[in-house]
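Subject: Structure handover and notes

Dear colleague,

My notes come after it.

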Amino acid sequence: MPYESMNLLEFQRRFNSEEACLKAIFDARWPKGFICVYCHHNDGIRMARRRTIQCCVCRRQVSITSGTVFHRSKVPLTTWFWLIYLMSQDKGGISTMRAAKLLGMHYTTVYNMMHKVRAAMQNRQENILLSGLVEVDDAFFGGRSRGKSDGRSVTRSKSA
Ligand SMILES: [Zn+2]
């Protein structure tokens, strides 16, 4: 269910933990199951209590959040998700001041986060990821095209 059609309580229930948010990012990034970004094999093991998956073939570790606005951020994913939810609720977009107040955060932090989200929507790869994740209004982020193709589609499905 897209964010914008979820009410507050549904949203709160669904994204109630870091793990729940991480799972949503994972599912948006790898809808058909994990694919190693290095060797393109589809077997990986989630590192316990971490945001990384280790490839069973090449042994390299892939961060679930790499290439997303959430990567290396100290802000909890639940907070990021709330911010994006707030941003998706109104075509005009929520003001930085208001978002900062609602989230109980510093203006500058929220300003930077909102900037990252908007910038991500302009980036093709990230846009596809965020579109799947947030389904925010087209008009808000400006003429992005809908579409799933990233020019390198993966047809293999998860074996295990
Ligand atoms: Zn690999």
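This is a predicted model: local features need pLDDT of at least 70, side-chain atom pairs count only at pLDDT 80 or more; totals for chains, interfaces and linings use all residues.

Residues are numbered from 1 along each chain as its sequence is written.

The protein chain holds seven helices and three strands, where helices (H or I, at least four residues) and strands (E, at least two) are DSSP runs numbered from the N terminus. Read from the N terminus, these elements follow the order α-α-β-β-β-α-α-α-α-α. Of its 160 residues, 22% count as buried; a residue is called buried if 20 or more other C-beta atoms lie within 10 Å of its own, exposed if 12 or fewer, and partly exposed in between, with C-beta atoms placed from the backbone.

Helix α2 has 12 residues and reaches 16 Å from its first C-alpha to its last, close to the 16 Å expected at 1.5 Å a residue, the expected span being 1.5 Å times one less than the number of residues. Its buried residues are C21, I25 and R29, and, seen down the axis of α2, they fall within an arc of 70 degrees, so they line one face of the helix. That arc is taken over the directions from the helix axis to the C-beta atoms.

The axes of α2 (residues 18-29) and α3 (residues 77-88) come within 8 Å and cross at roughly 65 degrees, where axes are lines fitted to C-alpha atoms, for helices over the stretch in contact, and angles run from 0 to 180 degrees between N-to-C directions. On the α2 side the contact is made by E18, C21 and L22, and on the α3 side by L77, T78 and F81, two residues being in contact if their C-beta atoms, placed from the backbone, lie within 7 Å.

Finally, two residues that are not glycine have a positive phi, although most residues other than glycine have a negative phi. H40, in the loop between α2 and β1 (44-46), has a phi of about 65 degrees and is partly exposed, with 13 other C-beta atoms within 10 Å. R59, in the loop between β2 (52-55) and β3 (61-63), has a phi of about 70 degrees and is exposed, with 10 other C-beta atoms within 10 Å.

Best wishes
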